[in-house]
Amino acid sequence: SELVLHPQDTVLWLGGVDFEVGDGGSQAVAAAKITKVAQRQKEQISGIRVPKGSCLPFSTLEWTLRDAGESVYSTFQDLVMQAEVAETRDLARVCSKLHSLLSGLSVSTTLLENLNETFHTVGLSSYPVVLRPSPNVDFLNAPLGSPDLFAPELPVNLTDFKAMRSAIGKVWASLFSEAAVLSRRAAGIPQPAVAMAVIVQELVEAEYSFVMHTCDPIDVDASTACVELMVGLHPSGSWGVDESHPSGSPWRLALAKSPQGASYTKAFANRSLAVTIKDGSLQNIGVKYHLQPLSTDEAVREKLCRRLAIVSRMLEGTLEGPQEVEGVISEDDIFIIQTVPQRL
């Protein structure tokens, strides 16, 4: 899809406009669609939500490069062409230069004021946010491509303009990590053809987090969805949490998507430490599973399975196909953080 050049300092509210892929990528389109669906169906499907958020469209990077001056703009274009043709031994150096240039860019004060205003109108001023990447390259087209190639930035105070500028720059820079460049090469995608939008969402404190495949990826069974769920944050693309904390298993649930079907627990969680956000940073906390209702109460698990099955049907219907979904559970609400088409 052709990229849209929006007016300078444009901020697109995810719940308020009809998104096209050329505005902010498939991630932004999906976030906008499920935001509207959740709003329309909140009376029928209680407790299913999407974090409030905005999108800085692809054109934000273009305008910021122009504001940085002709020398910076031409240097960027030259480095991108080098990334297209560089030998493997030279690629790390080129990517490092691109990372330094993009992470050092400074978005305008007007843009950040507009961003704050969009959140203020829905009562979220001075709120910690998460910045998520939304590239214009469909993950399905890149064999190595996945949300994990582009790490989010979190948590960031929306009113701290210095921190916001730094976080936006880091998201842009992730577009030219060595892994992302090699992924696009493997898929035959030219480096000059790529772009990055930035999704800015409220930070939802996660009691639990999950990854769901709405079609069983092992048996390719469209009647069953599979969920991995754990206390705290899941080590996935949504949170940038790595696997350096102690190993262990999450709860693994098989969801019958038909209301008449029976869901069941395939495995119980035993991960001794959970990753949470505390005092502005990621921290490990101990987990006592004998106090976890999901481990001790079958009725609690069954209720959650029914609700997640509703989510899987809603997302497949809205986005027209199986999805790989990342979300969190906070108190009694299920938040859909992001979703991409599931590879089968």
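**Helix packing and nonpolar cores**

Thr 88, Leu 91, Ala 92 and Cys 95 of H4 are in contact with Glu 178, Val 181, Leu 182 and Arg 185 of H7 (contact: heavy atoms within 4.5 Å). By class, this contact of H4 with H7 comprises 5 nonpolar, 1 polar and 2 charged residues. The model is predicted, and local features need pLDDT of at least 70, while side-chain atom pairs count only at pLDDT 80 or more and totals for chains, interfaces and linings use all residues. Residues are numbered from 1 along each chain, and side-chain values use heavy atoms, without hydrogens and water.

Helix H4 (residues 88-103) and helix H7 (residues 178-187) pack at an angle of about 130°, with axes 9 Å apart.

Helix H5 (residues 109-120) packs against helix H6 (residues 161-173) at about 100°, with axes 11 Å apart. H5 is therefore roughly perpendicular to H6. The contact involves Thr 109, Leu 112, Glu 113, Leu 115 and Asn 116 of H5, and Phe 161, Met 164, Arg 165 and Ile 168 of H6.

Beyond its neighbours within four places in sequence, Met 164 contacts Leu 112, Leu 115, Val 129, Leu 131, Val 156, Asn 157, Leu 158 and Val 200. Met 164 is also among the residues with the most contacts inside the largest nonpolar core, which has 42 residues (a core is a set of buried Ala, Val, Leu, Ile, Met, Phe, Trp, Tyr and Cys residues joined through side-chain atoms within 4.5 Å; buried means under 20% relative accessible area with a 1.4 Å probe, protein chains only). A second, separate core of 33 residues includes Ala 30, Ile 34, Ala 269 and Val 325.

Conventions. Axes fitted to C-alpha atoms, helices over the stretch in contact; angles between N-to-C directions. Helix = DSSP H or I, 4+ residues; strand = E, 2+ residues; numbered from the N terminus. Parallel < 35°, antiparallel > 145°, perpendicular 65-115°, else oblique. Nonpolar A, V, L, I, M, F, W, Y, C, P; charged D, E, K, R; others polar. Buried < 20%, exposed > 50% of the residue type's maximum accessible area, 1.4 Å probe, protein only.
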